[in-house]
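Subject: A structure for you to look at

Hi there,

Here is the structure I promised to pass on.

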Amino acid sequence: MDSTLIRFFGNDAVRLQTQELAISATSSLSEQIVTSTLLVIVFMLYNIMIYRYRRTISEIFQIFRLKDQLSKLIDEHSSALKRVSIISIFVAVGAILAYALRCNYHFKLINVELFNLSGWQFVLLATAALLLTLSIYRYLLSRIIGICIGRMDFIRKLSIQNGILFSVAVVIITPWILLGSMTSGLLWNISSIIIAILLIFSILFAINRMLIFFIDKKISIFQWFLYLCGVEILPCSFIIALIFRQ
């Protein structure tokens with residue numbers, strides 16, 4: 001190596017080839033484009049949902065004020081409520097993918113090529129595969145539990161309730177995910193803490209409402225515990241374990 005480079009950068013200095021720099025710059029640019037595209041899509045869907053279904057969303061948020069509002073929404077289950085739940089799923093998926101890319105950029109979770117994919121591409125595909133797998137798992141296991149207890153109608157109403165609670169969580173948490181994905185430094189740290197707090201609150205509130213729903217429908221606590229552990233806690237435990245292993 002050039003003696004001048006050794007004098008300035010030390011004996012361990014490595015000369016980067018122009019091709020390597022070009023590949024790194026292209027990968028970084030592609031990651032920024034994909035992340036920005038996801039954020040724009042999420043932002044548009046979120047605003048469309050808030051504006052187009054503002055009355056339905058205002059009714060949904062009454063569950064925090066009116067005792068029987070959630071039961072009323074489950075019994076009615078209007079088409080607007082169903083569409084809000086569907087849009088919430090797309091918003092959540094896009095927001096999670098964008099935030100996963102942002103976390104990979106911030107923490108350098110995967111910084112090497114795997115399976116001929118750059119780090120951010122692998123994170124994107126792995127997150128999408130994880131979300132799809134968890135969705136299929138939850139759907140199949142909840143149906144199996146419904147067949148075991150002989151109450152498929154109950155499982156259907158429980159799914160509607162979970163969809164409503166999920167929509168509430170999406171409406172509350174998405175702005176903070178967008179903020180965190182578009183910022184860095186102190187704002188990123190603050191938004192991450194707020195997201196974690198809101199997620200914990202949402203999970204605890206959902207568990208509480210599920211327990212009340214099981215009791216109201218005269219389903220045993222054992223069956224509620226079976227559903228809670230199998231459908232709700234096990235997937236969350238798997239994700240947490242996967243994150244900490246990184």
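Below is what was found in it, starting with the whole chain and ending with single residues.

**How to read it**

This is a predicted model, in which local features need pLDDT of at least 70 and side-chain atom pairs count only at pLDDT 80 or more, while totals for chains, interfaces and linings use all residues. Residues are numbered from 1 along each chain as its sequence is written, and side-chain values use heavy atoms, with hydrogens and water left out.

**The whole chain**

The chain has nine helices and zero strands. Both come from DSSP runs numbered from the N terminus (helices are H or I with at least four residues, strands are E with at least two). Along the sequence, the pattern reads α-α-α-α-α-α-α-α-α. Of the 246 residues, 36% are buried; here buried means under 20% relative accessible area, exposed means over 50%, and partly exposed is in between, using a 1.4 Å probe and protein chains only. Among the contacts with a separation of 6 or more, 72% join residues 24 or more positions apart, where a contact means heavy atoms within 4.5 Å.

**How the helices pack**

How do helix 7 and helix 8 lie against each other? Helix 7 covers residues 152–182 and helix 8 covers residues 186–216; they pack at an angle of about 170°, with their axes 10 Å apart. Axes are lines fitted to C-alpha atoms, for helices over the stretch in contact, and angles run from 0 to 180 degrees between N-to-C directions. Helix 7 and helix 8 are therefore roughly antiparallel to each other. For these words, angles under 35 degrees count as roughly parallel, over 145 as roughly antiparallel, 65 to 115 as roughly perpendicular, and the rest as oblique. The crossing of helix 7 and helix 8 is right-handed. A crossing is right-handed if the near helix is turned clockwise from the far one by less than a right angle, and left-handed if anticlockwise. The residues of this contact divide into 19 nonpolar, five polar and two charged. Nonpolar covers Ala, Val, Leu, Ile, Met, Phe, Trp, Tyr, Cys and Pro, charged covers Asp, Glu, Lys and Arg, and the others, Gly among them, count as polar.

Next, find helix 5, residues 79–107. Helix 5 packs with helix 7 at an angle of about 35°, their axes 9 Å apart, and the crossing is left-handed. Residues making this contact include Val 84, Ala 95 and Tyr 99 of helix 5, and Phe 166, Val 170 and Thr 174 of helix 7. By class, there are 12 nonpolar, seven polar and one charged.

Helix 5 also meets helix 6, residues 119–149: the axes come within 9 Å and cross at roughly 145°. This crossing is right-handed. Among the residues involved are Leu 97 and Leu 101 of helix 5 and Trp 120 and Leu 124 of helix 6. The contact has 10 nonpolar, three polar and no charged residues.

**Helix 4 and what comes after**

Which residues of helix 4 (residues 69–76) are buried? They are Gln 69, Leu 70, Leu 73 and Ile 74. Seen down the helix axis, they fall within an arc of 135°, so they line one face of helix 4; the arc is that of the directions from the axis to the C-beta atoms. An α-helix has 3.6 residues a turn, so residues three or four places apart point the same way. The buried residues of helix 4 pack against helix 3 (54–60), helix 5, helix 7 and helix 8.

Gln 69 counts as buried because its relative accessibility is 8%. Beyond residues up to four places away in sequence, Gln 69 touches Glu 59, Gln 62 and Ile 63.

Now look at His 77, in the loop between helix 4 and helix 5. His 77 has a positive phi of about 45° although it is not a glycine. Most residues other than glycine have a negative phi. At 27% relative accessibility, His 77 counts as partly exposed.

Val 42 is found in helix 2, residues 18–52, and is buried, with a relative accessible area of 1%. Leaving aside neighbours within four places in sequence, Val 42 is in contact with Val 91, Gly 94, Ala 95, Thr 174 and Leu 178. Val 42 and Pro 175 are 133 residues apart in sequence and 9.8 Å apart in space, C-alpha to C-alpha.

Leu 179 sits in helix 7 and, at 28% relative accessibility, counts as partly exposed. Its C-alpha atom is 9.9 Å from that of Leu 39, 140 residues away along the chain.

Happy exploring!
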